[in-house]
Amino acid sequence: LCFGCGVAWLMALVYVSAGLYSVQSSRILLSLRVLLCIINSSSFLTMLICAEIARAKFHGNDPTKWKPDDGGWIFHIISTVSEWIMAFSLDLSIMSLVPEFKQLQFEDPRIIVNIERRGFLEIDAENDSYLSLGGGHSMLA
């Protein structure tokens, strides 16, 4: 699930980078992201296919302690290497955002609060009392 969402995020990043190419991104970064997206997507497919083949050929007792004698070893290794390639390409794609983030500038936010009377209490400052919506007077303590 994590790698599948990573592939989707990377495809979205390439799409946004292509749209912002003339404004924010460079051709080298866009080309790098497309290459990383291709590597990530192909590694994802390789991992899925080889993991299923390895699982089908596995005849050992404990899949968490996979041994070469358990069957499907080569496909298991290919699947594992593909996962590492996906992780590395996803890390590099995140790092490709650094030059663009360096161009961002942040300023202190300006916060404005508008306070309106909602008619809950009407305060009479002269008499030091308030009127409730029911119309009765009460004294402020």
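User: How many salt bridges does a search of the whole structure find?
Analyst: Two. Keep in mind this is a predicted model.

User: OK, which residue does Glu 100 form a salt bridge with?
Analyst: Arg 33, with the closest N and O atoms 3.2 Å apart. That pair links distant parts of the chain: Glu 100 sits in helix α4 (residues 98-102) and Arg 33 in helix α2, 67 residues apart.

User: Is Arg 33 buried or exposed?
Analyst: Buried, because its relative accessible area is 0%, under the 20% cut-off. Glu 100 is buried too, at 15%.

User: And what does Arg 55 pair with?
Analyst: Glu 52, and there the closest N and O atoms are 2.9 Å apart. Both residues lie in helix α2, three residues apart, which is about one turn of the helix.

User: Buried or exposed, that Arg 55?
Analyst: Exposed, with a relative accessible area of 56%. Glu 52 counts as partly exposed, at 45%.

User: Switching topic: at what angle do α2 and α3 pack?
Analyst: About 155 degrees, with the axes 8 Å apart; α2 covers residues 27-57 and α3 residues 73-95. So α2 is roughly antiparallel to α3. Their crossing is left-handed.

User: Which residues make the contact?
Analyst: From α2, they include Leu 36, Ile 39, Phe 44, Met 47 and Ile 53. On the α3 side, Phe 75, Ile 78, Ile 85, Met 86 and Leu 90 are among them.

User: What's in that contact by class?
Analyst: The contact of α2 with α3 has 14 nonpolar, eight polar and two charged residues.

Notes: Residues are numbered from 1 along each chain as its sequence is written. This is a predicted model: local features need pLDDT of at least 70, side-chain atom pairs count only at pLDDT 80 or more; totals for chains, interfaces and linings use all residues. Side-chain values use heavy atoms; hydrogens and water are left out. Axes are lines fitted to C-alpha atoms, for helices over the stretch in contact, and angles run from 0 to 180 degrees between N-to-C directions. Helices (H or I, at least four residues) and strands (E, at least two) are DSSP runs, numbered from the N terminus. Angles under 35 degrees count as roughly parallel, over 145 as roughly antiparallel, 65 to 115 as roughly perpendicular and the rest as oblique. A crossing is left-handed if the near helix is turned anticlockwise from the far one by less than a right angle, and right-handed if clockwise. Contact means heavy atoms within 4.5 Å. Ala, Val, Leu, Ile, Met, Phe, Trp, Tyr, Cys and Pro count as nonpolar, Asp, Glu, Lys and Arg as charged, and the others, Gly among them, as polar. A salt bridge is a side-chain nitrogen of Lys or Arg within 4 Å of a carboxyl oxygen of Asp or Glu. Buried means under 20% relative accessible area, exposed over 50%, partly exposed in between (1.4 Å probe, protein chains only).
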